[in-house]
There are 2 protein chains.
Amino acid sequence: MSNIKQVIVFRSDLKLGRGKLAAHAAHASLTGFIKTTKINPDLVSEWLNSGQKKIVLKIKDEKELISLYEKIKKKMPSELIRDAGMTQVEPGTLTCLVIGPWYEEEIDEYISDLKLL
Amino acid sequence: MSNIKQVIVFRSDLKLGRGKLAAHAAHASLTGFIKTTKINPDLVSEWLNSGQKKIVLKIKDEKELISLYEKIKKKMPSELIRDAGMTQVEPGTLTCLVIGPWYEEEIDEYISDLKLL
């Protein structure tokens with residue numbers, strides 16, 4: 001059995017309130033879930049049945065967030081999450097990146113230098 | 001068209017770190033999504049296509065969280081979320097409740113006294 005996880009990477013330069021942080025984490029997780037389900041439903045089932053491991057990390061700023069996304073976007077299911085609201089940050093602000101659920105081994109190659117949120 | 005939303009209610013007496021808060025919000029959102037999809041997939045599609053509104057609220061403590069869950073659990077898709085980890089809180093601690101996605105009107109009857117997280 002492969003190890004599978006979902007990773008959510010938040011910008012640490014944004015000062016998101018706890019409610020917005022939680023809502024964006026939810027949005028990111030669901031986006032990754034739906035994306036991976038379309039590509040590999042068996043992997044998603046395995047992830048759900050093995051405790052659906054999730055890791056939340058932080059990255060310096062928007063530039064580094066986009067740079068990470070550009071590196072991985074053709075290699076594994078991932079998506080940048082934008083804020084649609086009108087509070088705390090400008091509408092359209094990138095807040096986080098979701099990766100997977102996907103194979104832990106493949107993800108770790110790109111995130112090993114990031115710290116837990 | 002009906003208004004549909006997903007609501008996540010966190011205990012405010014737990015001092016969850018931002019990473020754990022985000023991970024639990026993600027877990028809750030996904031749990032609600034999967035639960036409602038089994039009962040009413042059309043409602044879920046409509047929610048996804050209309051911006052997947054999510055609201056994050058807070059409630060006083062475990063007792064009130066469980067009391068809210070007991071009131072709604074037979075009326076709309078909902079689930080209590082527990083912590084499986086070994087950090088910050090005891091394993092098995094209830095952290096939050098997810099409701100829906102479901103009809104806003106039906107949810108609001110039960111949560112109108114709760115404040116945003």
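## A buried lysine without a salt bridge

Lys54(A) is buried yet has no salt bridge, and Asp83(B), the nearest side chain of opposite charge, is 10 Å away. Here buried means under 20% relative accessible area, exposed over 50%, and partly exposed in between (1.4 Å probe, protein chains only). A salt bridge is a side-chain nitrogen of Lys or Arg within 4 Å of a carboxyl oxygen of Asp or Glu. For charge, Lys and Arg count as positive and Asp and Glu as negative, while His and the chain ends are not counted.

What does the side chain of Lys54(A) make a polar contact with in chain B? The partner is the side chain of His27(B), at 2.9 Å. A polar contact of 2.8 Å also joins Lys54(A) to the side chain of Gln52(A). Such a contact is a pair of N or O atoms within 3.5 Å; within protein, one must be able to donate a hydrogen and the other to accept it, and residues adjacent in sequence count only if both atoms are side-chain atoms. Lys54(A) lies in strand S2 (residues 54-59) of chain A. Leaving aside neighbours within four places in sequence, Lys54(A) is in contact with Gln6(A), Ser29(A) and Trp47(A), and also with Ala23(B), Ala26(B), His27(B) and Leu30(B). Contact means heavy atoms within 4.5 Å. Helices (H or I, at least four residues) and strands (E, at least two) are DSSP runs, numbered from the N terminus.

## About the model

This is a predicted model, in which local features need pLDDT of at least 70, side-chain atom pairs count only at pLDDT 80 or more, and totals for chains, interfaces and linings use all residues. Residues are numbered from 1 along each chain as its sequence is written, chains are lettered from A and ligands numbered from 1 in the order in which they are written, and side-chain values use heavy atoms, with hydrogens and water left out.

## How the two chains are related

Chain B can be laid on chain A by a turn of 180° and a shift of 0.0 Å along the axis, with an RMSD of 0.0 Å. The two copies are thus related as by a two-fold rotation axis. In chain B, the C-alpha nearest that axis belongs to Ala26(B), 2.0 Å from it. The superposition is by least squares on the C-alpha atoms of residues with pLDDT of at least 70 in both copies.

The copies meet through the same surface, because 100% of the interface residues of chain B are also interface residues in chain A.

## Salt bridges

Over all chains, a search of the whole structure finds 14 salt bridges. One of them joins the side chains of Lys53(A) and Glu104(A) (2.7 Å, N to O). This pair links distant parts of the chain, 51 residues apart: Lys53(A) is in the loop between helix H2 (41-49) and S2 of chain A, and Glu104(A) is in helix H4 (residues 104-111) of chain A. Lys53(A) is partly exposed, with a relative accessible area of 38%, whereas Glu104(A) is buried at 13%. Both residues belong to a network of salt bridges that links Lys5(A), Lys53(A), Glu104(A) and Asp108(A).

In chain B, Lys20(B) forms a salt bridge with Asp83(B), the closest N and O atoms being 2.9 Å apart. Lys20(B) lies in helix H1 (residues 18-39) of chain B and Asp83(B) in the loop between strand S3 (78-82) and strand S4 (94-103) of chain B, so the pair ties together parts that are 63 residues apart in sequence. Lys20(B) is buried, with a relative accessible area of 12%, and Asp83(B) counts as buried at 4%. Another salt bridge has Glu79(B) and Lys35(B) as partners (2.8 Å, N to O). Glu79(B) is in strand S3 of chain B and Lys35(B) in helix H1 of chain B, 44 residues apart. Glu79(B) counts as partly exposed at 26%, as does Lys35(B) at 30%.

## Aromatic pairs

How many aromatic pairs does a search of the whole structure find over all chains? There are 3. Trp102(A) and Tyr103(A) form one that is edge-to-face, 5.2 Å centre to centre with 65° between the planes. Trp102(A) counts as buried at 10% relative accessibility, and Tyr103(A) is partly exposed at 26%. Trp102(B) and Tyr103(B) also form an edge-to-face pair, with 5.2 Å between centres and 65° between the planes. Rings of Phe, Tyr and Trp (its six-membered ring) pair if their centres lie within 6.5 Å; planes under 30 degrees apart count as stacked, over 60 as edge-to-face and the rest as tilted.
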